[in-house]
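I opened this notebook to record what I looked up in one structure. The entries follow in the order I made them.

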Amino acid sequence: MSIWLTHPLFIPSLVVGITILLWATSLLPEFITALLFFSVAMVAKIAPPDVIFGGFASSAFWLVFSGFILGIAIRKTGLADRAARALSSRLTDSWPLMVASVVLLSYALAFVMPSNMGRIALLMPIVAAMAKRAGIADGTRAWYGLALAVGFGTFQLSATILPANVPNLVMSGAAEGSYGIHLNYLPYLLLHTPVLGWLKGVVLIVLICWLFPGKPHAPRDLTPPEPMSGDEKRLAWMLTVVLIMWVSESWHGIGPAWTGLTAAVITLLPRVGFINGEEFSSGVNIRTCIYVAGILGLAITVTQTGIGSAVGEALLQVMPLDANKPFTSFLALTGITTALNFIMTANGVPALYTTLAQSFSDATGFPLLSVIMIQVLGYSTPLLPYQASPIVVAMALGKVPARAGMLLCITLAVATYLVLLPLDYVWFSVLGKL
């Protein structure tokens, strides 16, 4: 026991483990757990300040922050209600149709908009207005279902589109940096979309309809909408420019976070913008921003302190990787990704897993590229909300309680591992990847 107490990773692992436990059990509010992690990690000196507080320097943090501001403006100007009016007249005839339309919209937007956080910030006020017009009140199980449809549809399904979320980009960068492998858009889409995009989308819709039942009614307001106000037109033009900048990131090199932050600053400017200081202070959820910074800081700390590498090497020793048992190996590799998700969260998993992929390939006999691709199912299927910051943000924007998010997370994970994982294995085999 004394050997473990003197191990250099003991204190960092203890701090990280307790933080994860508190987030998983919701014994404390999420933002208090994040602040507790910051304070204890600094007092214990488990990593330098720029590592522990690295989440505040992350583009994901600033996308969350700017997303709150843009969401306030979209709601205030009436642009959200206008978009919701156009959607609700056609998509609220039944609950399954309404849920499916939100999931499909979340997924479709991923093809043109590279940022999970940006998509959530854009969609949530529109979906909220659509729900209100369909008679679904805030704080009801039906509303929780729609908010979770945005979060889960945005994060989990976008994993099938290479540039559409952060873990994919981390994996792509790690594969190129470690092995010189360049991932291509269309082969990646073909490999993952049928099972992890289409079939998982169907499963998600069914589970939301079952766990969060609702009874929308078609709006009875038949009066034509009023002409767009000046503020609506200006905001619509600004959002169009933002969307163009997001879509064309590969051309100009400006990250979505900084485009979004610039738009948020314009939104706040006196006489030019759309919201005032009071609306900013009441609408921006600082608690969620701190929580997201804590999640990202934890992932960076796990990587920089060596905890992730130690856990990865340990898993390599105990997992049943056998070239003579391909399905067992496929299952084990997914299990490794799932286990890493608990300590590194989805954004950090590909950075470690991909560096270990050659060892996994040697042990299983799978091609190196296939080993790298197998991780997508694992990191795109969180067991708990904190493992995927976009889901956390969607829950915060929709004021969804932790229990509801955990229920859908666990249920969807069980369905994925029992039904979709075997189908994913078959699809890999049909394409000759195993």
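Entry on the ground rules. I am working with a predicted model, in which local features need pLDDT of at least 70, side-chain atom pairs count only at pLDDT 80 or more, and totals for chains, interfaces and linings use all residues. Residues are numbered from 1 along each chain as its sequence is written, and side-chain values use heavy atoms, with hydrogens and water left out.

Entry on confidence. I checked pLDDT, the predictor's confidence in each residue, from 0 to 100. The protein chain averages 83, and 92% of the residues score at least 70. Confidence is lowest in helix H1 (residues 2-6), with a mean of 52, and highest in helix H22 (residues 402-430), at 95.

Entry on the whole chain. I counted 22 helices and zero strands. The C-alpha atoms fill a box of roughly 70 × 50 × 45 Å along the principal axes. I then looked up the radius of gyration, which is taken over C-alpha atoms; the globule rule is 2.2 Å times the number of residues to the power 0.38. For 434 residues a compact globule would have a value near 22 Å, and the protein chain agrees because it has 22 Å.

Entry on burial. I use buried for under 20% relative accessible area, exposed for over 50%, and partly exposed for in between (1.4 Å probe, protein chains only). Of the 434 residues in the protein chain, 54% are buried.

Entry on contacts. A contact means heavy atoms within 4.5 Å. Among contacts in the protein chain between residues at least 6 apart in sequence, 79% join residues at least 24 apart.

Entry on isoleucine 74. I found this residue in helix H5 (residues 59-77). Is isoleucine 74 buried or exposed? Isoleucine 74 counts as buried because its relative accessibility is 3%. Not counting residues up to four places away in sequence, isoleucine 74 touches Leu79, Ala80, Leu122, Pro125, Leu235 and Leu239.

Entry on threonine 381. This residue sits in the loop between helix H20 (368-379) and helix H21 (389-397). Threonine 381 has a relative accessible area of 1%, so it is buried. Which residues is threonine 381 in contact with, leaving aside its neighbours within four places in sequence? They are Gln156, Lys200, Asn341, Ala413, Thr416 and Tyr417. Threonine 381 and phenylalanine 280 are 101 residues apart in sequence and 34 Å apart in space, C-alpha to C-alpha.

Entry on phi. Most residues other than glycine have a negative phi. I noted a positive phi at lysine 45, near 55°, and another at arginine 271, near 70°. Lysine 45 is in the loop between helix H3 (30-44) and helix H4 (49-52). Lysine 45 counts as exposed because its relative accessibility is 70%. Arginine 271 has 84%, so it counts as exposed too.

Entry on glutamate 226. I found glutamate 226 in the loop between helix H11 (185-211) and helix H12 (230-247). Its relative accessible area is 64%, so glutamate 226 is exposed. Glutamate 226 and arginine 82 are 144 residues apart in sequence, while their C-alpha atoms are 9.3 Å apart in space.

Notes
Helices (H or I, at least four residues) and strands (E, at least two) are DSSP runs, numbered from the N terminus.
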